[in-house]
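Here is a short briefing to read alongside the model. Have the viewer open as you go through the points.

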Protein chains: 2
Amino acid sequence: MKKISVLGAGTWGVALARMLANTNNDVTVWSAVSSEIDYLEENHRHPNLKESVIPDSIKFTKDIESACKDKDIIILAVASIYVRSTAKNIAKYITDNQIIIDVAKGIEDNSLLTMTEIIEQELKNYNPNLKTNIVALSGPTHAEEVAIDLPTTIVSASKNIDSAKVVQDVFTNTCMRVYTNEDVKGVELCGALKNIIALASGVSSGLGYGDNATAAIITRGIAEISRLGLAMGCNMQTFLGLAGIGDLIVTATSKHSRNNTAGHLIGEGVPPQEAIAQVGMVVEGVNALPAAIELANKYDVDMPIVFMVNAVINEGVSPLVAVNTLMTRKKKSEI
Amino acid sequence: MKKISVLGAGTWGVALARMLANTNNDVTVWSAVSSEIDYLEENHRHPNLKESVIPDSIKFTKDIESACKDKDIIILAVASIYVRSTAKNIAKYITDNQIIIDVAKGIEDNSLLTMTEIIEQELKNYNPNLKTNIVALSGPTHAEEVAIDLPTTIVSASKNIDSAKVVQDVFTNTCMRVYTNEDVKGVELCGALKNIIALASGVSSGLGYGDNATAAIITRGIAEISRLGLAMGCNMQTFLGLAGIGDLIVTATSKHSRNNTAGHLIGEGVPPQEAIAQVGMVVEGVNALPAAIELANKYDVDMPIVFMVNAVINEGVSPLVAVNTLMTRKKKSEI
C-alpha cells in the first residue's frame, strides 16, 4: 500500500485515483478548483465519467501542503499549461524520497522543455540539492475506459529506472499492464506531437478520404516524429511502442479526440479558428505546433505532415492543396 | 506507358488494373476462373467494387500465355494459396527483362517461404538461368478505396532496387504514393502475420474491450512481429512502416476485415470453427498460424499474442482466459 496524491481532478486524474484506491492504496485527490472538490466529495462521481463510482476510501483536499506531505507518490494530473505553476507551488513540500509522476502531455513554447523537465527545473529552483524521482506515465489510455476497468497498457518512463519500476509495481493490476522505459524524452515527445498528427488525420477524413489515408498519415506521422526523436537522442523502440504508435492510434482514430474533431471540421471546409472555437475546449495539437516547428528547424529534420498542418492552421493553405502537396512530394525510400 | 498484365480478377487485382489503365498503361487482366472474365468483359464493373467503372481500354483474356508474353510487368494478384501453382504455370513464358509483382500476402506452411520466394523458386525450377526481377507490393490498401481514387500509400519492396524503382514510377500518381524498400522479407512477414494480430484485436472487441486494448494489441503485435523479423535479419524500419504498422492498423481496426470479424465473433462466445464458417470466406490469420508458430519456435522468439490466438483457435482456451493471461504476464520493459 502506498500513500498517493493526485493533483488535478480531471477525468484522467480521477480515473487513476479510483483505480489506485481500488487496488488498496491510500489515495488523496487535490484540485486548484474548489468547486471540483466539492462536487466529487458530494457525488462520488466525476461529471464526465458517469459510469464509474469513486470509492469512499478516497480523501479530497483543497490544501496543497497536506496533499504533498508524507506521500510516497504525487501524480501531477493537471493540464500541460498548468504543470509549471503546479510544480512551483509544490516545490517547497517535496522531499528526496517522493516519486513525482507526470501524466500531462506537452512541450513548452520557447523553452522547448517537456513536462518532466519543467517539473525538474521548478523543484531544483527551490531546492538545488533535492534528489528528484520524476516519472512520465503515458500510453493509449482513454480515461473513460480505465474508469470502468477495461484492459489498458501504459508506459512508466524515467531516467531513474528504480522509480519507473516502483510506479510499474503500483499501477499494475489485472486491468492495467505497465511497461518501463528509460527513454523519458522519447515518451514525452510522442505524447506532445501525436496531437498534430491526429489533426492531420481529422483533416483527411473531413475531406472524405478513407482508412488507407488515415493509416498512411499515422504511419508517416510516427516516421517523422521518430526522425526528430532520433536527432534528439531518443530510442527508436519508444516510437514503435505504446506511448508512440499506440497512443497515436488511439488519438488519430478516435471520434472522441478533440484534435481529430477539429481536423475533421477543417477538412470539411470550416475555417481553422472557427473549427477550434466549435470544439470549445483546448485543441492541444494546435498549441503544440509552435514548439514542433521550432524543434524541426533546430534539429534540421524533415517533418512534412507537421509543416502541412501548420500551413493549414496558421497560413491559410487549403486542406486539399495540403494533402495533394504531401501526395506528390519527391519519390522516396521508406528507410 | 508499360504493358502490364494482372493475373487474378479479385477486387485488388481489378482495382490496380483500373488505376494502371487510367494512368495510361496498356493493361490486360487474366483469371483462371472463366466466368470472372466473362462477367468483367460484359459488365465493366467488379461485383464487389460497384462504385467503380472498369475503363474500356483494359483487355481481358483467359489465355495465360498471351497474358505473359511481351509484357513489361506481370502482377500476381491471386490468393496466396494459388501463388505457387500460378508461378509454375507462367514459368515457361517469363523472360529476363520482365518484372513480376506479387500482391498476395502469406507464408507457406512447412516450406516457410514468402510469396516472392515461392515465385523465385518456381521460375528458377523451370529456368535456372533466368534473371528474376520480383517485387512485393504491400501496404494499407483497401481495394474499395483505391478503386475510387482515394489517397493511398504503398511499399514497392525488392532485393533488386532498380526493379522496385520501376514499380514506384509506374504506380505513382496523384492518388497513390509509393515508397521503395529493399527489405522484401520484412515487408512480406508483416503482410502474412498482421492477420493474426487482427484476429486478436477482433477477439478483444468481441469481449467488449475498448480502444485502449485495441491500441495495445496493435502496438504489442507489431513489437512481436518485429522481434521475429529482426531475428530473421529484417530491418526494424520496415515494421514501423506502411507494410508493417500501417497495414496492421487498417486490418485490425476495420470492420471489413474478415480476420477482425472472425475474432469478434469468437470474443462474443461463438466457437472458433463456427465463427470461421460464419465469415464464409478464407480467414487468412487462421491459415497463417501454423507458419507463425513454426517461425517463432525456429527463431526462438517470444510471440505471446500469436501463441494466445493459436490457443484460442486450436486448443480450446477461452478468449477471456487468453486476455487475462496476456495482461498478467511477467512485468517487462518496452525496450
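Between chain A and chain B, 28 residue pairs are in polar contact, both residues being at pLDDT 80 or more; a polar contact is a pair of N or O atoms within 3.5 Å, where within protein one must be able to donate a hydrogen and the other to accept it, and residues adjacent in sequence count only if both atoms are side-chain atoms. Helix 9 (residues 211-231) of chain A gives the largest share of the side of chain A that touches chain B, with ten residues; helices (H or I, at least four residues) and strands (E, at least two) are DSSP runs, numbered from the N terminus.

This is a predicted model, in which local features need pLDDT of at least 70 and side-chain atom pairs count only at pLDDT 80 or more, while totals for chains, interfaces and linings use all residues. Residues are numbered from 1 along each chain as its sequence is written, chains are lettered from A and ligands numbered from 1 in the order in which they are written, and side-chain values use heavy atoms, with hydrogens and water left out.

**The interface**

- In chain A, 59 residues are in contact with 59 residues of chain B, contact meaning heavy atoms within 4.5 Å.
- The two chains bury about 5,000 Å² between them, 62% of it on carbon and sulfur atoms; buried area is the accessible area (1.4 Å probe) that two parts lose on being put together, summed over both.
- A:N212, A:M327 and A:E334 supply 16% of the area that chain A buries against chain B, more than any other three residues.
- Two salt bridges are counted between chain A and chain B, a salt bridge being a side-chain nitrogen of Lys or Arg within 4 Å of a carboxyl oxygen of Asp or Glu.
- A:K331 and B:D169 meet through their side chains in a salt bridge (3.1 Å, N to O).

**Strand 8 of chain B**

- Strand 9 (residues 332-333) of chain A is joined by two bridges to strand 8 of chain B, and the two run parallel; strands pair if DSSP finds at least two bridges between them.
- B:Y179 is the bridge partner of A:K332, and B:Y179 is also the bridge partner of B:V155.
- Six bridges pair strand 7 (residues 152-157) of chain B with strand 8 of chain B in the parallel sense.
- Six of the six residues of strand 8 (residues 176-181) of chain B are buried, so this strand is largely enclosed by the rest of the structure; buried means under 20% relative accessible area, exposed over 50%, and partly exposed in between (1.4 Å probe, protein chains only).
- B:M176, B:V178 and B:T180 point one way from the strand, and B:R177, B:Y179 and B:N181 the other way.

**Salt bridges within the chains**

- Over all chains, the count is 26 salt bridges.
- A:K194 and A:D247 form a salt bridge at 3.4 Å, N to O. A:K194 lies in helix 8 (residues 184-206) of chain A and A:D247 in helix 11 (residues 242-253) of chain A, so the pair ties together parts 53 residues apart in sequence. Both residues are buried.
- B:E117 and B:K185 form a salt bridge, with the closest N and O atoms 2.8 Å apart. B:E117 is in helix 5 of chain B and B:K185 in helix 8 (residues 184-206) of chain B, so this pair ties together parts 68 residues apart in sequence.
- B:E117 is partly exposed at 22% relative accessibility, and B:K185 is partly exposed at 25%.
- A:R84, A:E108 and A:E122 are linked in a network of salt bridges.
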